Amino acid sequence: MRMEEYMRLILFMLFASCAFAQNLVELRVAQNQYRYADYLHTFRNNAVADVYYIGVPGANEVTLGLGYQFKIQTLTLIPVAYVASVKEGPRIAAKFGLIGGLETGSWKSGFYLAHLLPLQDGFSSYRILDALDVTMKLGKRWELGGSFGLFHQDGKWTPQYGPIVKMSDKHGQWGFSFRVGTGVEARFIRVWTF
């Protein structure tokens, strides 16, 4: 079976199982041509399937992963093993990630941490933290805080940091972050949960 056939089979299984548990869809765009689309499905038995696309100028990556959700009171951790297809090549890689979240009192935080290992020659491994968001609830709908991201490849660190604001509605959440560091990024975020 080719990679495209595996991806179709996994997507079919994910969408066929939507009625059985929780789904999350997230879209992000930024003025620097960053784009991101994610579909994460948590099954009733806490198994997790995650499919996402990330694109920046010169790099487009489709990633498929399976993991398991651990909940300890207000802490959620989801280790995920991924297969990534990088369009520029095309090249295949393994990726290991950790999705996390913590909510205590008025404070919330969430993060995605990953390490990509190439399975073919032609591109380098990388590590990413995107994004570590720490926010404080302001009433029922609003959150205000900070967002931090980090990208490491070929010995170069690329940090980004700045404020973030989020607003909840009955379908999910809107967000806007303005981060600086090695560049300037104004990021718009939309999350749907169902």
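**View 1. The largest nonpolar core of the predicted model**. This core has 18 residues, and Y52, Y82, I99 and Y112 touch the most other members. A nonpolar core is a set of buried Ala, Val, Leu, Ile, Met, Phe, Trp, Tyr and Cys residues joined through side-chain atoms within 4.5 Å. At least two core residues come from each of β2 (35-42), β3 (47-56), β6 (75-86), β7 (91-104), β8 (107-118) and β9 (126-138). Strand β6 gives the most, with four residues. Strands (E, at least two residues) are DSSP runs, numbered from the N terminus.

**View 2. The contacts of Y82**. Not counting residues up to four places away in sequence, Y82 touches D50, Y52, T63, L64, G65, A93, A94, K95, G97, I99 and Y112. Contact means heavy atoms within 4.5 Å.

**View 3. E26 in strand β1**. Strand β1 covers residues 22-30. E26 counts as buried because its relative accessibility is 14%, and buried means under 20% relative accessible area, exposed over 50%, partly exposed in between (1.4 Å probe, protein chains only). Leaving aside neighbours within four places in sequence, E26 is in contact with Y36, A37, D38, I189, R190 and V191.

**View 4. G145 in strand β10**. This strand spans residues 142-153. G145 counts as partly exposed because its relative accessibility is 23%. The C-alpha atoms of G145 and S109 are separated by 9.4 Å, with the two residues 36 apart along the chain.

**Notes.** Residues are numbered from 1 along each chain as its sequence is written, and side-chain values use heavy atoms, leaving out hydrogens and water. In this predicted model, local features need pLDDT of at least 70 and side-chain atom pairs count only at pLDDT 80 or more, while totals for chains, interfaces and linings use all residues.
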